[in-house]
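Subject: Structure for you to look at

Hello,

Here is the structure I said I would pass on. Please open it first, then read my notes below.

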Amino acid sequence: MLLNFDALASQFDSQRGLPQPALAAWMKAVNGIASGVRLNVVEPGIGTGRIALPLAMVGHAVTGADISAAMLATCAESAAALGVGEHLTLIQADAVYLPLPDQWFDLGVIAQLLYLVPDWPAVLDELARLVKPGGHVVHLTEPTREGANLRRWSGAWREMIESTGYRHTALSPTDAEVRAEFQRRWPDVEVQELASWEFGQSVSQAMDSYAGRLRPLYMSVSDDDWRKTSDRFLQWASMEFPDKEARLEGTVTLTAMIAAV
Ligand SMILES: C[S@@+](CC[C@H](N)C(=O)[O-])C[C@H]1O[C@@H](n2cnc3c(N)ncnc32)[C@H](O)[C@@H]1O
């Protein structure tokens with residue numbers, strides 16, 4: 001796996017949580033698929049349950065699979081805190097082979113997973129096996145557009161961290177590749193933009209414990225290179241953004257690719 005989600009589990013929800021209007025739009029989209037019916041839902045790569053727990057909260061029966069024990073533990077804790085544990089089944093399993101019965105589910109959901117799985121079309125094959133005819137498969141993405149300050153900030157960081165030999169790779173698969181694979185399995189596919197929202201923080205907030213928060217994303221960089229690069233970056237940031245209240249902002253759009261099975 002490219003990223004160490006065991007190390008990211010404790011901070012995932014605070015960094016990636018969906019705002020309330022986006023959650024409401026997601027719930028509305030699921031209602032549009034099957035209003036008033038209790039669905040059997042499966043989410044491979046469920047993580048902390050950011051996407052699936054709201055479905056359990058309105059009574060759908062959710063089965064989540066993940067390869068990270070820490071993400072599953074965080075998900076189970078949140079489910080218990082929300083009082084929805086009885087609507088949730090969690091298994092530690094690889095999304096390309098799920099020990100779950102054929103055609104058992106009404107809804108298969110994937111979000112922020114395919115780029116982590118080298119053989120990602122095999123995840124769609126599993127969903128094609130698990131979701132019954134008449135059901136749906138949804139791929140949720142959250143494309144972001146960076147504002148000018150944030151573009152400058154992340155461009156400088158990328159350049160500095162890449163000077164250690166680390167290489168960012170373009171996210172794969174692209175939306176067009178996923179859509180093509182969806183359409184090969186389920187010809188009836190539509191894409192809906194569910195919600196857009198601004199995200200951002202001040203320069204001083206971004207600088208605060210910057211290196212610690214990013215470290216799990218760059219485990220292949222040596223400790224020495226990490227320390228030197230993060231020190232250099234923070235010096236750069238301090239000079240380039242003398243106004244520490246300047247905002248680093250962007251826009252996220254929660255987008256659903258929905259296929260009828
Ligand atoms: C970016 S998180 C997204 C979690 C959740 N879907 C969401 O959107 O909030 C990706 C999750 O996929 C899990 N994962 C990565 N590769 C996997 C695989 N091959 N099988 C199952 N889970 C996997 C990671 O452990 C992590 O919890």
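The model is a predicted one. In it, 20 residues surround the ligand, and the closest are G45, G47, R50, S68 and A111. By type, this shell divides into 13 nonpolar, four polar and three charged residues.

The largest nonpolar core has 45 residues, and V41, A52, A56, V109, V123, V138 and L140 have the most contacts inside it. Strand β4 (residues 105-111) gives the largest share of this core, five residues. In general, nonpolar side chains in soluble globular proteins tend to be buried together.

Why is β4 largely enclosed by the rest of the structure? Seven of its seven residues are buried, so β4 has the rest of the structure largely around it.

β4 pairs with two other strands. Strand β1 (residues 40-44) runs parallel to β4 and is joined to it by two bridges; here V41 stands opposite L107. Strand β5 (residues 131-141) is also parallel to β4, with six bridges between them, and V138 in β5 stands opposite V109. From β4 the chain crosses through helix α5 (residues 120-130) to β5, a β-α-β crossover that is right-handed.

Leaving aside neighbours within four places in sequence, L140 is in contact with I51, V109, A111, L254 and A256. There is also a second, separate core of seven residues, which includes V203, F233, F241 and L248.

Regards

How values were computed. Residues numbered from 1 in each chain as written. Predicted model: local features only at pLDDT ≥ 70, side-chain atom pairs only at ≥ 80, totals over all residues. Core = buried A, V, L, I, M, F, W, Y, C linked by C-beta atoms within 7 Å. Buried ≥ 20, exposed ≤ 12 C-beta atoms within 10 Å, placed from the backbone. Helix = DSSP H or I, 4+ residues; strand = E, 2+ residues; numbered from the N terminus. Contact = placed C-beta atoms within 7 Å. Near = placed C-beta within 6 Å. Nonpolar A, V, L, I, M, F, W, Y, C, P; charged D, E, K, R; others polar. Pairing = 2+ DSSP bridges. Right-handed = clockwise from strand over helix to strand, strands pointing away.
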